[in-house]
Amino acid sequence: MIIIRRLNDATLPTDRRAIEQVREILRSRFPDVREKYITDIPEQLTDPLRFRFRTSLLVAENRNGNVQGFSMMYYAPDLHFCYLDFIATRKELRSGGFGNSLYENAREEARRLGSVGLFLECLPDDPKVCLNPGLLEENRARLKFYEHFGAYPMVNTRYETPLTQGDEECPPYLVCDFLGQPPVSRKTARKIVRAILERKYEDILTREYIDNVVNSIKDDPVRLREPRYTRSRRTSAPVSGYKPASGTAPASGTTSAPARPAVPPAEQIPLVINDRHSIHHVRDRGYVESPVRIATISAELNASGLFREIPVRTFSEKHIEAVHDRGYIRYFKRVCADLPEGKSIYPYVFPVRNNHRAPEDDSVMAGYYCIDTFTPLNRNAYLAARRAVDCALTGAEQLVGGGRAVYALVRPPGHHAERKVFGGFCYFNSAAIAAHYFSGYGRVAMLDIDYHHGNGQQDIFYRRSDVLTISIHGHPSFTYPYFSGFAEEKGEGEGLGYNVNYPLKEHMNGVEYREVLERAMEKVRRFQPDFLVVPLGLDTSKGDPTGTWNLLAGDFELNGRIIGRYRTPTLFVQEGGYKNRILGVNARKFFQGFHSVFFDNQTNKN
């Protein structure tokens, strides 16, 4: 599995390792690149004012963190264009589609930024321009590659003028990818070309040379070379669902774009459903955590058009071990495998006095690792919980790879599972496992909006400052888990101040709830996370058998809008919600509210 992710700086160990590998690839694939340019990469990421471009470094990594390829692109916010400086894979790789994926991701990034086009240099395929015949075959292959995406050299300019007369090096073409939009005007093209030459080559180009190239652009709008290697993919109309940067417009007389779908594919939220959740079906009387919950929600989501389902990937158990006690994991896995079909063990005795001495009997041991008497162990509990973790990590991997929002629709839930104990229908804390995974790539905030306190992530991250944990819940004086969730629980040591609880009164309406949610989101904003994990409980609704609050469908929509307007890459992980008649509607309304603001004018956040 390869993920493509964007590096924002060089502060995290994972990012520093990735940058070192990018440097290795640069040195091996581009031996003529100056060493200063290679060593400046971290500063390019963090100091856009100095370099007069905002740098976007995308790396293609395997699961071991080995960089297989990268692209480095610059964005000029003053002129709304992107310049692709490098795209390269390791020398030993034949292809593997890395180049295609990297370029597609660069194009998507350019679209998201509202660029009028993506520009790059490519050595010429014309023997009259390139006087080094040994380079012609490779140059043709590169230009063919870009033609597949509808990118062609600009013609009728002096861009490929040698720096000195008789220079035997190959001066590059300026290749233009207008991302499905019309070509830019002469005026805009001149500004863009001047910016590229001045900002990229200010120490080697003279003012006379730059003026000569800029003034040679005469066509209005600019013209591109006809395809030589592929069929034309050009279009004079904007692509469906694409919003150009302000101040740009299609040229007069162009054809109309296809009718925009209600939700463009790029704005659909990936949906990861636990495809093994139904094997965990406890038919005991009063057990409300049933398979019908997932079916009820997914039916409403499918009808909304907001989602596209993606397959679940399988992850190593090391991600669970990073969050949960190994002894507990081993016990849970073994006891479930040993139980006969249809048989459940319920905890019934607990180590109040001596919890350092574990019992030997499996049924007694259940209480050693549990916090209540109503969460059973059975043959399929481990398998279903393990798959829920895979779902959450599949979603996390999507966001690390550049996704914007993902919903992991899972059961059993997880937010009551602490490092060493299970309970509240929860066995593995899928949301916390995903949050720990994210912490290798940036700062993480968790906002638990289940009716019950998120004691699991509080316990797991209580002494950490890289993960902010927030929980909005019913006061523990009257609701599960009763012994945690008080306002004074604020973290310890390094984590002091990074755990926030909002224990609320027994009866709440939507207006009162939103006042608290706004305060919580303001704390998230001040923390400035790179990722937001939302353990999503729908048991805050009116009539839920496990709650006492009175939120209606319209309240869920407004709550979604409050979270969505911050536009932080967000992973939702399903937790509670047990009134099946309205469960799906509430989920749909929540995501309709979230979607309505999250994908609107995203560039405002950048």
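**Entry 1: a bridge between two strands.** I looked up Ala-405 in this predicted model and found that its bridge partner in strand E17 is Thr-570. Ala-405 belongs to strand E12, residues 405–409, which pairs in the parallel sense with E17, residues 570–574, over 4 bridges.

**Entry 2: the sheet around that pair.** E12 and E17 belong to an open sheet of 8 strands with parallel pairing, in the order E9-E8-E12-E17-E16-E13-E14-E15. Strands E9 (307–309) and E15 (499–504) each have a single partner strand, so one side of each is left without a neighbour in the sheet. From one strand to the next, the twist averages 20°.

**Entry 3: a helix across the sheet.** I noted that helix H18, residues 580–598, lies across E8, E9, E12, E16 and E17. Relative to E17, helix H18 runs at about 180°.

**Entry 4: helix H16.** At 1.5 Å a residue, its 18 residues should span 26 Å, and the end C-alpha atoms are 26 Å apart, which agrees. At the start of H16, I found a side-chain oxygen of Asn-509 within 3.1 Å of the backbone nitrogen of Val-511. The helix is followed by Gln-528, with a positive phi near 55°.

**Entry 5: the faces of H16.** Which residues of H16 are buried? I listed Gly-510, Tyr-513, Arg-514, Val-516, Leu-517, Ala-520, Met-521, Val-524 and Phe-527. Seen down the helix axis, these buried residues fall within an arc of 165°, so they line one face of H16. An α-helix has 3.6 residues a turn, so residues three or four places apart point the same way. Their cover includes strands E13, E14, E15 and E16 and helix H17. On the other side of H16, Glu-515 and Arg-526 are exposed.

**Entry 6: cis peptide bonds.** I recorded a cis bond joining Asp-220 and Pro-221, with omega about 0°. Pro-221 sits in the loop between helix H8 and strand E8. Another cis bond joins Tyr-480 and Pro-481, with omega about 5°; Pro-481 lies in the loop between E14 and E15.

**Entry 7: two arginines with positive phi.** Arg-52, in the loop between helix H4 and strand E2, has phi near 60°. Arg-567, in the loop between H17 and E17, has a positive phi of about 55°. Is each buried or partly exposed? Arg-52 is partly exposed, with a relative accessible area of 37%, whereas Arg-567 is buried, at 13%.

Terms used. Residues are numbered from 1 along each chain as its sequence is written. This is a predicted model: local features need pLDDT of at least 70, side-chain atom pairs count only at pLDDT 80 or more; totals for chains, interfaces and linings use all residues. Side-chain values use heavy atoms; hydrogens and water are left out. Two strands pair if DSSP finds at least two bridges between them. Axes are lines fitted to C-alpha atoms, for helices over the stretch in contact, and angles run from 0 to 180 degrees between N-to-C directions. Contact means heavy atoms within 4.5 Å. The expected span of a helix is 1.5 Å times one less than its number of residues. Buried means under 20% relative accessible area, exposed over 50%, partly exposed in between (1.4 Å probe, protein chains only). The arc is that of the directions from the helix axis to the C-beta atoms. A polar contact is a pair of N or O atoms within 3.5 Å; within protein, one must be able to donate a hydrogen and the other to accept it, and residues adjacent in sequence count only if both atoms are side-chain atoms.
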